[in-house]
Amino acid sequence: MIFDAGALVFGPDEEGRGYGLICARSGIVVEVVVMQVAGWHVEVEFDEDETHTRAAALLRLRDDTELRGKGHATRNPADPDERRIGEELAGGRALMDIAQQLTAKGNAEAQTLR
């Protein structure tokens, strides 16, 4: 059960499929249409040495489009050797690269619908 408001119960049917509102007092069942949730798969890989971190990111969309982004970070020699920070910076930059491509793709597709 997901939600129980006393007389109304919201949750899957007895077989674990679909969702509905069920009035506990009257037994009336109302089906609720649940929208499909979109999911994207993102992969980020790193290549590192003592001062440089390079990130390559890949985003797969539901229309089978693959967007690839790159990011780079350079450690200041005065900073401690903490590779996690380089990964975060390079990875963030690779994802920003993909974000720009995704925004351009969405804008272009929206223009074709007008």
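Here is a short chat about the fold, core and surface of this predicted model.

Trainee: What pattern does the chain follow along the sequence?
Mentor: Residues are numbered from 1 along each chain as its sequence is written. Helices (H or I, at least four residues) and strands (E, at least two) are DSSP runs, numbered from the N terminus. There are one helix and seven strands, and reading along gives β-β-β-β-β-β-β-α.

Trainee: Which residues form the largest nonpolar core?
Mentor: Such a core joins buried Ala, Val, Leu, Ile, Met, Phe, Trp, Tyr and Cys residues through side-chain atoms within 4.5 Å; buried is under 20% relative accessible area, exposed over 50%, partly exposed in between (1.4 Å probe, protein chains only). As the model is predicted, local features need pLDDT of at least 70, side-chain atom pairs count only at pLDDT 80 or more, totals for chains, interfaces and linings use all residues, and side-chain values use heavy atoms, without hydrogens and water. The nine residues are A55, A57, L59, L61, L67, A73, A90, A94 and I98.

Trainee: Which elements each supply at least two residues of this core?
Mentor: Look at where the nine residues sit, A55 and A90 among them. The suppliers are strand 6 (52-60), strand 7 (66-74) and helix 1 (83-112).

Trainee: What does A90 touch, leaving out residues up to four places away in sequence?
Mentor: Contact here is heavy atoms within 4.5 Å. A90 belongs to the core, and the residues it touches are T53, R54, A55, G71, H72 and A73.

Trainee: Is V42 buried or partly exposed?
Mentor: V42 lies in strand 5. Its relative accessible area is 42%, so V42 is partly exposed.
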